[in-house]
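Here is a short report on one protein model.

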Amino acid sequence: MKRIAILTAGGDTPALNATLFGAVQRANELGVEAYGLVKGFDGMLSERLPHVRLNPLFTTIPELDPCIGGTIIGASRRYIDRDDTETLKAVSGRLERIGIEGLMCIGGDGTINGMQPLCDLFPCTLAPKTIDNDLGLNHIDEPNEWIRETDDKGAVEYRHTMSRDDVSLSEIVNYVTPGYATAVFVVAQSIDRIRTTAESHRRIAIIEVMGRDSGYIALGAAYGQPDMILIPEVELDYPKIVERVRHLYDLQKSAVIVIGEGVRDADGQLGAKSRSVDPAGNVIFSGAAERLADILSQELGDGYFQKNKRHDTASAAIFTRKLGHTQRGGRPILFDRFHAAQLGGKALELLIGERNNYLSTLKWKEDAGFTLSELSANQLRDRWGIIHAREVHPSLYDESRFQPSKLGRAYLEPIFTRAIGHEDLEVLHDTLFSPGNLVTRHQSVNVAMQKRIQYLD
Ligand code: F6P
């Protein structure tokens, strides 16, 4: 292969440029021309096929900096309909016109689905990304644990029937995904900041973190030492939660609770009221923290807070913070930069080797640490072809303590113990309050990249 295309699709992560960088560096070494397709699948769906040469003269363009978050080639949540053969043919024809022989996608499960129909037209591979850390399997047989059910109204639902009480960390497929570590870094720091104000004002803070149906970000939040962590995988047990909150508040006059945005109770999704669907078919989560705050206010009651003259009302004592997109942005920490670049290089190699529909993955073993591996995308699918978000395995979470279990802690340690590089802190020290920031406007990478974009016509 002499010329390949790369795109970044789905929600961004801080490590996308690092993955791109690793891929382009490998392309340089192999003498392969790398083109970036602009705005994910959106770019290839455009008749003008906006694209950028990422390595003219086999030298990586200076805008591609692995230390900067986001993606210089843009991303979108638009995908190609696999049944739309006309569009697929048109896309393939357009790519052929600029001499593209293969496609490397950087994305998650939605991107694999978007890439799938293209695999029949030319070789495609994937480098994984998602802050949610939900792309992978707790063990290789996990897709077979899903069953399909149809309700009275004919709606199809998939249910996970766990066949294993525990997992061994070395059998986890794609142990961790670039973007996750930086998201947890942001969460842990935020908890630290919210805690001191909650303590000072005798308040209960409910901090909502991203992750959709998967509780990995919430689990990692344990580094910020929240008093309780509630994950979407475990149905909320209100009497137990209220009892624990009371105990904590009586003891320390404050409490910090982290919840995954997809938490659910016996009636379903907590934040389901404002539920809508984005173009990729993903549910957009909102409102879980507010809903839990309402429930706690009702259960504890104003009197509980008035008793010790701490607050006039329960609603004044309980506040919520949704950390939102801060988890997805900014400089990636060392762990993400390093492994993202490696996974990008590996996915590029898989593409050149025509390992069609494969993805690069990371595995972990006690004696070897993290090593690169690969997986056929098909192995992520259940028997009906669905890729389910990887859930936090029950053995990683201790329901009685609302904290990671012993195995959960063992899962987190290899990722985070040395995740922050000294240079990550030096950069902060040297740049945040630089007087130059007050003078010079932020120079958007989009302006620089616009000058490099080429079109078909
Ligand atoms: O999948 C990544 C993610 O950040 C989720 O954690 C979150 O629910 C969602 O994307 C938010 O998407 P958007 O940026 O489209 O609001």
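## Basis and strand pairing

Two strands pair if DSSP finds at least two bridges between them. Strands (E, at least two residues) and helices (H or I, at least four) are DSSP runs, numbered from the N terminus.

This is a predicted model: local features need pLDDT of at least 70, side-chain atom pairs count only at pLDDT 80 or more, and totals for chains, interfaces and linings use all residues. Residues are numbered from 1 along each chain as its sequence is written, and side-chain values use heavy atoms, without hydrogens and water.

## The β6–β7 hairpin

Strand β6 (residues 146–150) runs antiparallel to strand β7 (residues 156–160), and five bridges join them. T150 stands opposite V156 in β7. Five residues lie between the strands of this hairpin, where G154 takes a positive phi near 85 degrees.

## The whole protein

The protein has 13 helices and 19 strands. Its C-alpha trace spans about 75 × 65 × 45 Å along the principal axes. Buried residues (under 20% relative accessible area, 1.4 Å probe, protein chains only) make up 54% of the 457 residues.

Contact means heavy atoms within 4.5 Å. Of the contacts with a separation of 6 or more, 75% are between residues 24 or more positions apart.

## Surface

Accessible areas come from the Shrake-Rupley method with a 1.4 Å probe. The total is about 20700 Å², and 48% of this belongs to carbon and sulfur atoms.

L428 sits in helix α12 (residues 422–431).

How values were computed:
Buried means under 20% relative accessible area, exposed over 50%, partly exposed in between (1.4 Å probe, protein chains only).
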